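Open the model in your viewer and keep the sequence panel beside it. The tour goes from one element to the whole chain.

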Amino acid sequence: MVPLDTNLIHYKNLIVTGMSGGSPQDYQAALRLIEARRVDVTRLTSHVFPIREVDKAYEVALSGKGMKVVLVASG
């Protein structure tokens, strides 16, 4: 159960939507937009870890402390 003030939705004419997943085409389109730099995803990334710190990355991701945790291949 999520506490929600439905009066805000009603009186301010807000629209609440949700999403549980996207299609492969959605992901391909999103990647094209990111690649073309039409969407700035850096603001969504809260943590970046080298692949050798995968355990730490999972710890942060599972703790809920990060918005988006990214693993990068490093030399």
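How many of the 12 residues of α2 are buried? Select residues 24–35, which form helix α2. The count of buried residues there is 0, so α2 is hardly covered. Buried means under 20% relative accessible area, exposed over 50%, and partly exposed in between, with a 1.4 Å probe and protein chains only.

A word on the ground rules. This is a predicted model, where local features need pLDDT of at least 70, side-chain atom pairs count only at pLDDT 80 or more, and totals for chains, interfaces and linings use all residues. Residues are numbered from 1 along each chain as its sequence is written, and side-chain values use heavy atoms, with hydrogens and water left out.

Stay on α2 and check its length. The end C-alpha atoms are 16 Å apart, which agrees with the 16 Å that 12 residues should span at 1.5 Å a residue. The expected span is 1.5 Å times one less than the number of residues. Now step just past α2 to R37, which takes a positive phi of about 60°.

Next, colour by secondary structure. The chain has 3 helices and 2 strands. From the N terminus on, the order is α-α-β-α-β. Helices (H or I, at least four residues) and strands (E, at least two) are DSSP runs, numbered from the N terminus.

Select residues 47–50 and 69–72. These are β1 and β2, which run parallel and are joined by 4 bridges. Strands pair if DSSP finds at least two bridges between them. Click H47: V69 in β2 stands opposite. Between the strands, the chain passes through helix α3 (residues 54–63), and this β-α-β crossover is right-handed. That is, with the strands pointing away from the viewer, the path from the first strand over the helix to the second runs clockwise. Then click F49, whose bridge partner in β2 is L71.

Finally, zoom out. The C-alpha atoms fill a box of roughly 55 × 30 × 20 Å, taken along the principal axes. Of the 75 residues of the chain, 5% count as buried.
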